[in-house]
Amino acid sequence: MRASTRDLAETEDSGEGILEQLVSDVPAAVARLYRRLRAEKPGGQIGDSQLSVLALLVKTGPHALGELSDHEHVTPPSMNQTVNSLAQAGYVTRQGDPDDGRRVILVATPEGVALIEETRRRRHAWLNARLRELSDAEREILATATGIISKIADS
């Protein structure tokens, strides 16, 4: 069966309408989920940018200040303030680079590692509870959508 010109126009309009809706809804939904996950951390100990830097140090190991500022897309003076706060709280230490004595590297302390682990535990527990509330069909849809969102993010 061949579609009429009107049917094609309606499908095209519908596709454009869906596209416009997705352009609006996807960022809003991702941002709300991100904010909700960020809320799952131990009681207000450090801010989101500090937590991001600390998580990077825990995950990938020591970094120089410039590397951290490049990764976080902030200026070195801004990163220095973030690192100073983390150091004052006892979550990072400054050490000499064993390969280049002129360079200082930042290392997560055991307290910093523990904070990241607790934050991850809380976030995973919250998300796991929400996912368990979904039906099997909804979880399958979410698994597919997650792959699609990752594909968009990686492009």
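Visitor: Among contacts between residues at least 6 apart in sequence, what share joins residues at least 24 apart?
Guide: In this predicted model, 52% of those contacts join residues at least 24 apart in sequence.

Visitor: And how does the radius of gyration sit against a compact globule of 155 residues?
Guide: The protein has a radius of gyration of 22 Å, whereas a compact globule of 155 residues would have one near 15 Å, and the C-alpha trace spans about 75 × 35 × 25 Å along its principal axes.

Visitor: How much of it is buried?
Guide: Buried residues make up 21% of the 155 residues, and the protein exposes about 11,000 Å², of which carbon and sulfur atoms supply 55%.

Visitor: Which residues form the nonpolar patch on the surface?
Guide: The patch is formed by I18, L22, V26, V30 and I149, which together have about 400 Å² of accessible area, and helix α1, residues 5-38, gives the most to it, with four residues.

Visitor: Why does I18 count as partly exposed?
Guide: I18, which lies in helix α1, counts as partly exposed because its relative accessibility is 49%, and a residue is called exposed at over 50%.

Visitor: Switching to strands, how do they pair with β3?
Guide: Strand β2, residues 92-97, pairs with β3 in the antiparallel sense over six bridges, and strand β1, residues 63-64, also pairs with β3 in the antiparallel sense, over two bridges.

Visitor: Which residues in β3 are the bridge partners of H63 and D97?
Guide: The partner of H63 is L106, while D97 has D100 as its partner, and a hairpin joins β2 to β3 through two residues.

Terms used. Residues are numbered from 1 along each chain as its sequence is written. This is a predicted model: local features need pLDDT of at least 70, side-chain atom pairs count only at pLDDT 80 or more; totals for chains, interfaces and linings use all residues. Side-chain values use heavy atoms; hydrogens and water are left out. Patches are made of residues with over 30% relative accessible area and no salt bridge: like charges are joined within 9 Å, nonpolar side chains (Val, Leu, Ile, Met, Phe, Trp, Tyr) within 5 Å. Accessible areas come from the Shrake-Rupley method with a 1.4 Å probe; for residues, only the protein chains shown count as cover. A salt bridge is a side-chain nitrogen of Lys or Arg within 4 Å of a carboxyl oxygen of Asp or Glu. Buried means under 20% relative accessible area, exposed over 50%, partly exposed in between (1.4 Å probe, protein chains only). Two strands pair if DSSP finds at least two bridges between them. The radius of gyration is taken over C-alpha atoms; the globule rule is 2.2 Å times the number of residues to the power 0.38. Contact means heavy atoms within 4.5 Å.
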